[in-house]
Amino acid sequence: MTPRLSLGDDRDEALAHAAALVAHAWREFDEARDEEPGPTPQLRARLAEPLPQEPDDVIASLDLAAEVLDASLAQSRPRYLAYIGSSGLEIGALADLLAHSYDVNLAIDAGAATGLERQAITWLAEFLGFPAATGAFTSGGTISNITALAAARERALPGSRSTGMSGRLGALYCSAEAHYSVTRAAELLGIGREQVRDIAIDGWRRMDPADLARRIEDDLAQGVTPIAVVATAGTTLTGAVDPIGAIAEVCESSGVWLHVDGAYGLPAAGAPTSRSRFAGLDRADSLGIDAHKWMFVPKACSAILVRNTSELAAAFSHQEDYIPHEGEELNAVDITLEYSRPVRALKLWLALRVHGAQAFRDAIEGNLAQARLLYDLADAHPDFRVQPHPPQLSIVPIRHEPSHCPDPDRHNDELCRAIQRDGRVYVSPAIIDGEPWLRPCFTNFRTTLDDVRITMAVAQEIGSGICRTHCSRP
Ligand SMILES: Cc1ncc(COP(=O)(O)O)c(C=O)c1O
């Protein structure tokens with residue numbers, strides 16, 4: 001008898017049907033759609049059904065799954081410009097299907113897949129220009145940051161992984177606009193949220209190295225051990241890139257670990273027009289990068305790269321009876337936070353193999369050009385305001401501020417929600433210096449310059465419409 005959990009005789013038909021659904025989705029993603037249809041009442045009813053006890057038809061169930069996804073906010077669509085999106089790169093999706101079918105576990109040496117992960121790390125290091133000795137793929141930028149900071153804590157306070165902080169005080173340093181995952185790491189590693197030093201930012205919203213040096217000195221004078229500096233290579237709010245070289249100078253003179261959080265922005269270190277913004281990257285101790293953001297592959301695919309393998313091992317290696325070691329050989333779990341790990345590397349490895357690194361550089365350059373175009377269009381428009389400097393990467397905050405608008409904050413809040421309801425473009429809001437802004441972010445290889453013009457036109461049209469309803473002209 002065929003085991004009830006195999007698709008059995010339906011296998012080939014199910015695979016062909018799934019392939020047709022995927023091909024349909026890919027064709028759809030080539031063009032933006034003019035509305036974002038939410039779930040219908042019938043679909044909502046299906047999503048309230050109780051636990052099925054008996055089998056349902058596989059083709060009908062696949063259709064239902066595709067219907068659910070189609071009625072969801074898909075980041076793969078070219079005019080999804082909210083938060084920091086990705087693109088569900090086609091070859092990456094195929095890689096996931098393969099990886100999940102074999103279901104290799106990279107907790108220990110898994111044979112060729114272990115070699116593939118190492119190769120992908122080496123390729124990534126070359127793409128970015130970072131002298132990595134080792135690295136590992138993780139489930140996201142948050143985990144990459146925590147992993148690096150755990151290693152930094154062990155270097156700064158040896159033995160802390162066994163004794164805890166034992167009353168010792170340590171500190172982390174990052175720009176006031178660093179991602180919350182740095183604070184989360186401080187909370188989880190026992191360093192404490194209050195020990196995260198918000199370093200001042202300059203007019204470009206980048207960390208001020210002079211303030212950093214002062215804060216480290218102050219801490220040393222107070223008996224607080226500096227554990228790590230986190231330079232953000234592309235802040236989530238505006239895409240600011242901290243001056244890594246100048247920060248490395250401070251770290252080297254005080255012997256403090258330098259981690260670069262490049263979850264969003266670091267892929268741009270591989271692109272010719274933006275490479276110089278990341279000067280000094282090769283001096284960092286570690287970096288984190290999310291391939292599931294600006295390297296376009298589907299979630300989840302982040303990586304941590306380090307200069308020195310033994311520092312990751314010092315924080316994570318261990319001997320347990322259920323994972324014996326072969327001599328001195330480290331298992332993957334000796335340098336990673338996670339145990340069971342799928343072959344996340346496969347999607348980036350296959351994508352680089354199929355498309356070549358140059359296609360990635362070109363796509364990133366395309367997004368940078370889109371960001372510049374939006375900035376220029378909004379800057380030239382009398383009803384829009386932009387940040388004082390052109391975008392450093394691909395995030396472009398804009399604000400609709402017609403001269404007669406009595407309450408621009410309320411107006412921009414409302415405008416963002418109205419654009420989301422309209423559905424032609426999807427943008428998210430952001431608060432910058434206390435003011436609500438629209439914050440388009442370009443990280444999708446499907447987005448075009450025309451999409452940028454449409455985004456501006458939609459924002460203008462909807463913004464003016466709200467004004468006509470709510471604002472009285474002078
Ligand atoms: C700069 C930065 N670091 C870390 C993260 C967290 O990454 P993840 O969502 O993959 O955990 C983000 C997410 O947007 C980010 O922008």
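**Briefing: ligand shell, domains and fold**

The ligand is surrounded by 13 residues, and the closest include Gly 140, Gly 141, Thr 142, His 179 and Ala 263. By class, this shell around the ligand holds 8 polar, 3 nonpolar and 2 charged residues. The model is predicted. Its protein chain has 474 residues and is divided into three parts: domain 1 (11–77), domain 2 (103–354) and domain 3 (358–470).

**Domains 1 and 3**

- The centres of domain 1 and domain 3 are 30 Å apart, taken over C-alpha atoms.
- The two domains do touch: 7 residues of domain 1 are in contact with 5 residues of domain 3.

**Overall shape**

- The protein chain has a radius of gyration of 24 Å. A compact globule of 474 residues would have one near 23 Å, so the two values agree.
- Along the principal axes, the C-alpha atoms fill a box of roughly 75 × 65 × 45 Å.

**Fold and packing**

- The secondary structure of the protein chain comprises 16 helices and 11 strands.
- Buried residues account for 44% of the 474 residues.
- Take the contacts between residues at least 6 apart in sequence: 74% of them join residues at least 24 apart.

Terms used: Residues are numbered from 1 along each chain as its sequence is written. This is a predicted model: local features need pLDDT of at least 70, side-chain atom pairs count only at pLDDT 80 or more; totals for chains, interfaces and linings use all residues. Helices (H or I, at least four residues) and strands (E, at least two) are DSSP runs, numbered from the N terminus. The radius of gyration is taken over C-alpha atoms; the globule rule is 2.2 Å times the number of residues to the power 0.38. A residue is buried if 20 or more other C-beta atoms lie within 10 Å of its own, exposed if 12 or fewer, and partly exposed in between; C-beta atoms are placed from the backbone. Domain bounds come from an automatic or database domain assignment. A residue is near a molecule or strand if its C-beta atom, placed from the backbone, lies within 6 Å of it. Ala, Val, Leu, Ile, Met, Phe, Trp, Tyr, Cys and Pro count as nonpolar, Asp, Glu, Lys and Arg as charged, and the others, Gly among them, as polar.
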